[in-house]
Amino acid sequence: MKEARTLEDTERMGKEALKAFEDVEKKAEREVGQNMMEMAGTISISKTFNNRGRFGFIQAAQIFLTKLPRQKRGRYIQNLKMKIEAKFDFFERYLTFSQPDGTATEPHYFWKDIVLCYKMYTTEKAAESVSFPGLLEALNRGLFTSKGRRAGFVKAELTVPDLERIQEDLRTAYEADPDNVQAAESYVLSNIILGQEMHDSPKLTPLSELQAIINRLLETGSKTPELHLMAVLLFWPEEEPEAVPDEDDEEVEPQATEDEESQSLELLSNPDVKRYVALMEKAYMTSDAKYHRGRCLLPLFFLGKGSGLSRWIHKSRLDKIVENEVNNELAAESVQSAKKKWKLFCKKWADGDVWKIPEIQDMLLPIRVELPDSPKTPQEHEEEEVLAYARAKKIKIKTNREPNSSPCPVLFYLGFTIQGPVVFQVGTPGQ
């Protein structure tokens, strides 16, 4: 489009570019990973999902519109708006739930181009999104790890009044359409988000009311991973066992089947958390797994020492503590490099140094797990699993790395990705 000399050239080149990127997107949708080879309609195998079609469309659409005279833009905005919104929704979710690996993120221009194109075609601001991933990102505002900060946008941290207003708006939207699953997910999440900043806010909805909302929607057959994430968080037992159960305790239940999904869920007073975990993973495999292959899923929440909604700790609260630690260390060395700051920040997470920070130890609740009887070789598994204790039940949970095979009891912290619970190894009791 840069070489276009006339309006006709610009329009022709713009349409050709958009069509080419849509073709790349369609091809990527038919690609699968090694563990998805049984899927029908696929044409090739890829270790990672090719997002270049979607992102290229965003970039081409942005350039195309800037090349057109103002009087010509209206028609194209109207024609392309829904496609831009769909691609924004995809990337908002994609970048909130995952990153390329444990120490890398997308280039700084990636989110910037998405946000600017979205605003150009919709007049909406990405920072004001109240979608499920948008709310999760809201608490990251102000942190150097946030998508907006990395893209060069300066946004003030949300205050308690801001979060209360958002919660009230989402309550109104939910009450206007109580069968809208997305409205319910965002409303429930807004309460958890508000509880992060003010656990005794008078605006918070009672836990039992939020549980009833989630339970009702699950009984209608809703299967999004977001809804099951809310179910797992809201119904996770608050009391931890005093000792590790014996070997002959209840065995882990199998994965949920289609017949089981059609049955009624447990009553609020006796939720089947293991079932919710199984359904959450199954929902994730249907909706997101193909897009996240080859990427690292980000923990969204951690189990803390509080009660009710306040026991769920958003990752931004840990990131803020780690960022302060990094700033102090670099200040002592008179280092101000953003690259060194990011490298040290990621190293603390990758090496597990974050779990040694007293402020984080005071915040999170260690859990005890049971390791496999014998370690598996890398060829026998892709992700290690352990059994975590929640009251009298054992729940099969993935680990973020191969666990220590020590015969001593091992303590972990419990986190949640969009796929389900994941344990982070801390050490043995008393360490």
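The legends below describe several close-up views of a predicted model of one protein chain.

**View 1. The chain as a whole, with its helices, strands and buried residues.** In this predicted model, the secondary structure of the chain comes to 16 helices and 11 strands. Of the 431 residues in the chain, 49% are buried. When contacts between residues at least 6 apart in sequence are considered, 67% of them join residues that are at least 24 apart.

**View 2. Helix H10 and the largest nonpolar core.** Helix H10 covers residues 225-235, and because 11 of its 11 residues are buried, the helix is largely enclosed by the rest of the structure. Its buried residues include Pro225, Glu226, His228 and Phe235, as well as Leu229 and Met230. The largest nonpolar core has 59 residues, and those with the most contacts inside it are Leu229, Met230, Trp236 and Phe301. Apart from this core lies another one, of 29 residues, with Phe57, Ile58, Leu80 and Val115 among them. Once the neighbours within four places in sequence are set aside, Met230 is in contact with Phe132, Glu185, Val188, Leu189, Ile192 and Ile214.

View 3. At the start of the helix, a side-chain oxygen of Ser337 comes to within 3.3 Å of the backbone nitrogen of Lys339. The buried residues of H15 are Lys341, Trp342, Leu344, Phe345, Cys346, Lys348 and Trp349, and what covers them includes helix H6 (147-150), strand S5 (301-303) and helix H14 (315-332). After H15 comes Gly352, whose phi is positive, near 80 degrees.

**View 4. The second largest pocket and the helices that line it.** The volume of the second largest pocket is about 570 Å³. Its lining is made by 24 residues, of which Arg93, Ser131, Phe132, Pro133 and Gln182 are the closest to its centre. At least two lining residues each are supplied by helix H3 (70-97), helix H5 (132-138), helix H7 (160-176), helix H8 (181-197) and helix H13 (289-292). Among the contributors to this lining, H3 gives the most, with six residues.

**View 5. Lys87, a buried lysine in helix H3.** Lys87 has its place in helix H3. Buried residues are those under 20% relative accessible area, and Lys87 counts as buried because its relative accessibility is 6%. The side chains of Lys87 and Glu25 are joined by a polar contact of 3.3 Å. Leaving aside neighbours within four places in sequence, Lys87 is in contact with Arg54, Phe57 and Ile58 as well as with Glu25.

View 6. Ser98 is in strand S3, which consists of residues 98-99, and with a relative accessible area of 1% Ser98 is buried. A polar atom of the side chain of Ser98 lies 2.8 Å from the backbone oxygen of Tyr94. The side chain of Ser98 also makes a polar contact, at 2.8 Å, with the side chain of Arg295. Beyond its neighbours within four places in sequence, Ser98 is in contact with His292, Arg295, Cys296, Leu297 and Leu298.

**View 7. Lys203, a partly exposed residue in a loop.** Lys203 lies in the loop between H8 and helix H9 (207-219), and its relative accessible area of 35% makes it partly exposed. Although Lys203 and Arg165 are 38 residues apart along the chain, their C-alpha atoms are separated by 9.2 Å. If residues up to four places away in sequence are not counted, Lys203 touches Glu164, Gln167, Glu168, Arg171, Asn191 and Leu194.

View 8. Thr123 is found in the loop between helix H4 (108-122) and H5. Its relative accessible area is 65%, and Thr123 is therefore exposed, since exposed means over 50%. Thr123 is not a glycine, and yet its phi is positive, at about 65 degrees.

Definitions and conventions: Residues numbered from 1 in each chain as written. Predicted model: local features only at pLDDT ≥ 70, side-chain atom pairs only at ≥ 80, totals over all residues. Heavy atoms only, no water. Core = buried A, V, L, I, M, F, W, Y, C linked by side-chain atoms within 4.5 Å. Buried < 20%, exposed > 50% of the residue type's maximum accessible area, 1.4 Å probe, protein only. Contact = heavy atoms within 4.5 Å. Helix = DSSP H or I, 4+ residues; strand = E, 2+ residues; numbered from the N terminus. Polar contact = N/O pair within 3.5 Å; in protein donor to acceptor, adjacent residues only side chain to side chain. 1 Å grid on protein atoms, 1.4 Å probe; cavity = no way out; pocket = protein on both sides within 12 Å on 5 of 7 lines; lining within 4 Å. Points joined across faces, edges and corners; volume = space filled by probe spheres on them.
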